[in-house]
Amino acid sequence: MPKSKTVKNYIRTIVDFPHEGIMFRDVTTLFADPRGFRMAIDQMLHPYAGERIDKVVGLEARGFILGGAIAHQLSVGFVPIRKKGKLPGTTISQDYKLEYGEAIVEVHDDAIQPGEKILVVDDLLATGGTAEAGIKLIERLGGEILSCAFIIDLPELGGRKKLEAMGMDVSVLCEFEGL
């Protein structure tokens, strides 16, 4: 009997993208496969069965794909955290460091109400910089973060440890070694 595929089996690795020495973990192959995509969404939801979740927050950009699907499954609202200048309404912003510079993310100032239970989702946890910035925005609006869920963790880059040091619960579906 053939072994069942896991979420990790649907993820393609592209060598030297976007720079030499990087092993890019490409989730578009997971998203393109209906079984793989459903498996990922179901597994991301599983730890939160029976929990109250008011909104799902997706981090730009692949977090929008996951977050929209998860919010739909839960019948709750979806909130995007976007790069600076992409949201049309009044926003609050948070800067953060990248491996190669700095960036700013924003959220609408009325997207989350105080006390709402939030699930943060994205495809990949690397250094944790984007997730940390998103968490700070949510907390500034009074949201209570239930957990942060990712498909992939790159443990060598320390993102999970960073988020856990902030008091966050972190859930991942698979890990890849290296950068």
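Q: Which residue in strand 4 is the bridge partner of G58?
A: In this predicted model, P80 of strand 4 is the bridge partner of G58.

Q: In which sense do strand 3 and strand 4 pair, and over how many bridges?
A: Strand 3 and strand 4, the latter spanning residues 77–83, pair in the parallel sense, with 5 bridges. Together with helix 3 (residues 62–74), these two strands make a right-handed β-α-β unit.

Q: What about strand 3 and strand 7, in which sense do they pair?
A: Also here the sense is parallel: strand 3 and strand 7 (residues 117–125) pair over 4 bridges. Within this pairing, L119 of strand 7 stands opposite V56.

Q: Which residues of strand 3 point which way?
A: K55, V57 and L59 point one way, while V56 and G58 point the other way; all are buried.

Q: Changing topic to helix 2: which residues are buried there?
A: The buried residues of helix 2 are G36, A40, I41, M44 and L45. They lie on the same side of the helix, because the arc they cover around the axis is only 165 degrees.

Q: And what do those buried residues pack against?
A: They pack against helix 1 (28–32), helix 3, strand 7, strand 8 (144–153) and strand 9 (170–175).

Q: Which residues are exposed on the other side of helix 2?
A: P34 and R35 are exposed there.

Q: What caps the N-terminal end of helix 2?
A: D33 does, with a side-chain oxygen 3.0 Å from the backbone nitrogen of R35.

How values were computed: Residues numbered from 1 in each chain as written. Predicted model: local features only at pLDDT ≥ 70, side-chain atom pairs only at ≥ 80, totals over all residues. Heavy atoms only, no water. Buried < 20%, exposed > 50% of the residue type's maximum accessible area, 1.4 Å probe, protein only. Pairing = 2+ DSSP bridges. Right-handed = clockwise from strand over helix to strand, strands pointing away. Arc of directions from axis to C-beta. Contact = heavy atoms within 4.5 Å. Polar contact = N/O pair within 3.5 Å; in protein donor to acceptor, adjacent residues only side chain to side chain.
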